[in-house]
Amino acid sequence: MSVSNLLENWSKFRHTHPVDDKGHPDWEAYPSDIKWAMSIDLDACTGCNACSVACYAENNLPVVGKEKYSHGQAMHWMRIERYWDETAGVGEFSADQGARFLPMMCQQCEAAPCETVCPVGATNHTEDGLNSQIYNRCIGSRYCSANCPYKVRYFNWYNYPEQENAWPSPLNQQLNPDLTVRTKGVMEKCTFCKQRTYTARNNAKTEGRPVQDSDVQTACQEACPVGAITFGNLFNPESQVAKQWQSQQVELTKEVQDKDEKEGNRLRGYRILEELRPYPSVMYLERVRESAV
């Protein structure tokens, strides 16, 4: 859609946004047999950062360095957050049981707050349930970043291909030819490795069959040494990610999960900030501490 068409059809464009007035994702507006989703087992995650490094390599992310990072100009589509347990009644944090690690990336919300504030429609919803980012339409207003509750959108402050040491040798020889290197003035974020899901969908369509789990892995999932990340089509009941969501009684269209927690069968699945009703597509499995077993 061109900018002129976008402006002419602005009311229609907004009317078909998933959140609309329905209070839940509008599947009728986005008919599809694919809904990409992810689950991350925090009990398996060791915080090794292999997923983050793989994301850098797969998606042509520049190395900004300590100085730019200290100025809030970080550029990482996936980060590992660390949390420490608080000692009960003391108000201090204890390292007795180590840190909790939480991989954080774009949650691919079904009712994404970033989509509704973009003045040029550079970020919108795809038919396979992703929040897309159209680089050549983005004007760098950064409204999407301000409205993102997870703070996982990043602004290109520099024309990195012209920046010294953005890709220190030999990293400059391993840029991924399947996607572009973004330029100064645009926002970017995790796409669930769109170049891989797009190829998997096209291959499956050519062969006349549905997409299988074995067709696609995200870079972070592929690099995880402990298999903490599961990715796939949530609409396929035979996919691993769909089975995990179902076993944890987490539903995409609910902001408050109705869980039947039975003794000895503790459910660990949850979504971050789901009470804000963004309907994120990433489910986390809570870490089980020895003291909690």
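The model is predicted, so local features need pLDDT of at least 70, side-chain atom pairs count only at pLDDT 80 or more, and totals for chains, interfaces and linings use all residues. Residues are numbered from 1 along each chain as its sequence is written, and side-chain values use heavy atoms, with hydrogens and water left out.

**Stop 1: Arg-196**

Select Arg-196 and Glu-58. Their side chains form a salt bridge at 2.8 Å, N to O. The term covers a side-chain nitrogen of Lys or Arg within 4 Å of a carboxyl oxygen of Asp or Glu. Arg-196 sits in helix α7 (residues 194–206) and Glu-58 in helix α3 (residues 50–58), so this pair links distant parts of the chain, 138 residues apart. Helices are DSSP runs of H or I with at least four residues, strands are runs of E with at least two, and both are numbered from the N terminus.

Now colour by accessibility. Buried means under 20% relative accessible area, exposed over 50%, and partly exposed in between, with a 1.4 Å probe and protein chains only. Arg-196 is partly exposed at 22%. Glu-58 is buried at 11%.

Glu-222 belongs to helix α8 (residues 219–223), so its pairing with Arg-196 in helix α7 ties together parts 26 residues apart in sequence.

**Stop 2: Arg-201**

Select Arg-201 and Asp-128. Their salt bridge spans 3.4 Å, N to O. Arg-201 is in helix α7, while Asp-128 is in the loop between β6 (123–125) and β7 (131–133), so the pair joins parts 73 residues apart in sequence. Arg-201 is partly exposed at 21%. Asp-128 is buried at 1%.

With Asp-128 and Arg-201 they are linked in a network of salt bridges. The structure holds 15 salt bridges.

**Stop 3: the largest cavity**

Select Cys-55, Met-78, Cys-190, Cys-193 and Cys-220. Of the 13 residues lining the largest cavity, these are the closest to its centre. A cavity is a set of points, on a 1 Å grid over the protein atoms alone, where a 1.4 Å probe fits but cannot get out; lining residues have an atom within 4 Å of a point.

The volume of the largest cavity is about 100 Å³, counted as the space filled by probe spheres set on the points, which are joined across faces, edges and corners. Its lining has ten nonpolar, three polar and no charged residues. Here Ala, Val, Leu, Ile, Met, Phe, Trp, Tyr, Cys and Pro count as nonpolar, Asp, Glu, Lys and Arg as charged, and the others, Gly among them, as polar.

The count comes to six cavities of 30 Å³ or more.

Technical notes: On a 1 Å grid over the protein atoms alone, a cavity is a set of points where a 1.4 Å probe fits but cannot get out, and a pocket is an open set with protein on both sides within 12 Å along at least five of seven lines; lining residues have an atom within 4 Å of a point.
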